[in-house]
Amino acid sequence: MADIELRGVNFSYQKGRQVLHDINISVEHGKTIGLIGANGAGKSTLLKLLVGLITDYEGIIEVLGQPVEKKNLSDIRKKTGYVFQDSDSQLFMSTVYEDVAFGPRNYGYSEEIVQKKVMEALCKVHIENLKDRQIYRMSGGQKKLASIATILSMEPEIVLFDEPTIALDPKNRRNLIGILNSMPETKIIASHDLDMILDTCEETVLLSEGRIVCQGKTKDILKNKELLEKHDMELPLCMQDRRTNE
Amino acid sequence: MHMADALLSPAVAGTMYACSALTAGYSVHKIRLENDEKKIPVMGVMGAFVFAAQMINFSIPGTGSSGHLCGSMMLSAILGPEAGFLTMIGVLMVQCLLFADGGLLALGANIWNMAFYGCFIGGMVIWKYMMRNGMSRRKIMAASILGCIMMLQLGAFSVTLETLASGITELPFGIFLAAMQPIHLAIGLVEGLITAAVLIFLYEVRPELLWNYHETGEKKSRLSYKGVIAVLAISAVVIGGLLSLFVSSNPDGLEWSVKQVTGTTELESKGGIYVLADRIQSVTSLLPDYTWKEGNSAGGTTFSGIIGGIVVVVLCIAVCLIIRFFRCRFGDKGNNGKD
Amino acid sequence: MAKIDKAIKDIHTADNTSERNNSVHPVSWLLVTIIYIIAVVSFQKYNIAGLAGMVLYILIQCMWHEISIKDMIKRIWPVFLLTVLVGIANPLFDRTVSAGVLSMATLILKGIFCVTASYILFTHMGIRQICYALRILHFPKELVTILLLMHRYLIVLLKELERMQLAYKLRAPGQRGLHFKTWGSFVGLLLLRSIDRAGEVYDSMQLRGFNGTFQVFPERYNTVRSVAYAAVWCIAILALRIFPVFEMMEAAIWRILNLGV
């Protein structure tokens, strides 16, 4: 059974302004799916639907076999991590340790287990040394890694990323791609950074104005210059280079 | 203005702590009853917002000076009085504990003077009462100005009482009051105008964020301009009358404050103050507990208080009209006004 | 601008210093400071000799913890002005002019001592220590949560404000403050950004099992040192409050001199 299943999902914030039209996606366990599309295509909305931040949709959404409804939310959220676009919104405690420990503590683990989970999560993203750092003193790249650690400490089965590479410098971006590839969880990555999508996702969904335009192997979609340009995007930089060289 | 520790005696400070703690307890109770999880994070971030907003310099047209924001009225118009009060406590505590601004002992008094009146008088009484039949720009303007003036007048009055009750200064009650109230009238007016500007902006952009906003109620009835003026006038007369009773110990005080407000700075010369001081000194030094000076008919001073009140009302209306004028003239080009 | 910079710097200082020396329990610090302030404030208004003895606490703390006198004077200045303003009338209205001068001097000294004591506390407590102490003293959880969040978002919003002000100033050169036509929209925008931010923060908390308040977890302090610290200082402060140390020292010196002669 698929980890994430969307069938015929429609959603609108206000009456008459539909944001998502008839979305059908199925994500197998352990897969990484890229979600691409221009600004306002509905990527973030789709991710929010999956964790129940928005609940008044039409259609069927199932996460780990459970329909996304009020009564299942705490179960689903325990197993589904969401990495926000703006790390400053994600990290609200004063130090890294406190923040990474926030989730496990809320789920009632004892302090020793919390500590173990926090250290494991920090090791996975290689920021053990930043454990006691005040968050407002960290760089953008460090904050991004810390916010991923806050999710990993809850040991989720699914992780959703909203624009993970935005505002990162090339080195931090490289580092993040490495970490994304090392994570065994089921992942959905929403981004404009097509090179990153190419490096991390086997499959990709192209959204345009709330509709799925195309769904399939990442390489096939990101090679298709016409398709991308029709939906306000460009070829990934690495492919552009190859073309000019040829 | 933050009270300093040195201006309070332990007894007064303790009393003010008790008053503030009681109100805080009530507010926490109310918040828990509401059981709205989302409110706490909003309160935290709004506290940080107030802190930041207090650092903005607002240039006051035509004076060359600049004003500042206290923010409790604004907070309770958005979060409601109880949540606003708790948030202001947060702001004052951070200022006191993290910035050593305003003393530890004076914290209770500061919470009372700066948060209580703005949230519970300004928010719970004035805002709630005036918005009960729906909101409008005028009503927001009137409620903000009235609320902020009330809040700062009462706050300044409390500062005076607290300082005098602590036996810190030898300054006679009347003179102290006459020095405090008019200054805070001006401060209150500026605070009111800033608050009104921000709340009107919010009302036009995202009205659902305002406390007690009901979309349906809006069309039901609109408080007429006359009604607003009447409310303003009555409250100003009442406040003026009451205050002047207190000021009756020093009949010159109010005159002086009125002059300050109207701008004629015919302040007595140094000699004048000395003579006055001498006269009052002869009374105060005889009576350790300061009592009302005899020979002043309460009626007479109340009358002069009402005149002072009228001046305040006229001033408020004038400012409203001026702002309205400017909004009609220039404002509507820039913002897609709803009105 | 300068004010914002100063506030940001203050937050950094508080965090730095509180990270350095944290073996004494924050409740001990709070207790000693409050007792000191109450002792100072409770002096009679003419008892300047007794009050002067209270300077010992400040001197010892400053020397012990190497607190910068320069920073401290900057702190004292506004309160000094305030107390002078309130006290200035005392020479006119008090029993005699000399009594008035005495009571004014006492008031000013009280002001200086209290602010200094608060400043010493401030250099020893970061937000974590404060919240921990407040929880122990049974402050409502909601309030502690508000404080923690406020501290976290202060710098975010202050920097936001700084950027907005810079953008404003660059397009409105020579203005001293915010023009009144922009009062509403400028502050309103900051407000909207704050509210939106709060919404996102709440989402992020919700996704990690938030149930209304934060839990503040115990930190490790040296109990013996904490108790000893509080006990020694409380006794010392009470002694300073009861015995006029300077007068006694003077008397002792005279006695020794007399004996010598």
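Modeller: Happy to; we can start with one chain and then turn to the contacts between chains. Keep in mind that this is a predicted model.

Biologist: Thanks! What does the secondary structure of chain B come to?

Modeller: Chain B has twelve helices and two strands. Going along the sequence, the order is α-α-β-β-α-α-α-α-α-α-α-α-α-α.

Biologist: And how many of the residues in chain B are buried?

Modeller: Chain B has 339 residues, and 52% of them are buried. As for its contacts with a separation of 6 or more, 82% are between residues 24 or more positions apart.

Biologist: Let's look at a helix pair. At what angle do the axes of α1 and α5 of chain B cross?

Modeller: Roughly 50°, and the axes come within 7 Å. Here α1 of chain B is residues 10-34, and α5 of chain B is residues 107-130.

Biologist: Why is α1(B) called oblique to α5(B)?

Modeller: Because of that crossing angle of roughly 50°.

Biologist: Is the crossing of α1(B) and α5(B) left-handed or right-handed?

Modeller: The crossing of α1(B) and α5(B) is left-handed.

Biologist: Which residues make the contact?

Modeller: From α1(B) you have B:Ala13, B:Met16, B:Tyr17, B:Cys19, B:Ser20 and B:Thr23. From α5(B) come B:Gly108, B:Ala109, B:Ile111, B:Trp112 and B:Phe116. Sorted by class, the contact of α1(B) with α5(B) has eight nonpolar residues, three polar ones and no charged ones.

Biologist: Nice. Switching topic: how many residues does the contact take from chain C and from chain B?

Modeller: That contact takes 77 residues from chain C and 65 residues from chain B. Several helices of chain C supply at least two residues each to the side that touches chain B, among them α1 (2-20), α7 (97-122) and α9 (141-171). The largest share, 15 residues, comes from α10(C).

Biologist: What classes are found on that side of chain C?

Modeller: The side of chain C that touches chain B has 46 nonpolar, 20 polar and eleven charged residues.

Biologist: Last one: what about chain A and chain C?

Modeller: Their contact takes 22 residues from chain A and 22 residues from chain C. On the chain A side, α3 (87-90) and α4 (96-106) each supply at least two residues, and α4(A) gives the largest share with four residues. By class, the side of chain A that touches chain C divides into ten nonpolar, seven polar and five charged residues.

Methods:
Residues numbered from 1 in each chain as written. Chains lettered and ligands numbered in written order. Predicted model: local features only at pLDDT ≥ 70, side-chain atom pairs only at ≥ 80, totals over all residues. Buried ≥ 20, exposed ≤ 12 C-beta atoms within 10 Å, placed from the backbone. Contact = placed C-beta atoms within 7 Å. Nonpolar A, V, L, I, M, F, W, Y, C, P; charged D, E, K, R; others polar. Axes fitted to C-alpha atoms, helices over the stretch in contact; angles between N-to-C directions. Parallel < 35°, antiparallel > 145°, perpendicular 65-115°, else oblique. Left-handed = near helix turned anticlockwise from the far one by under 90°.
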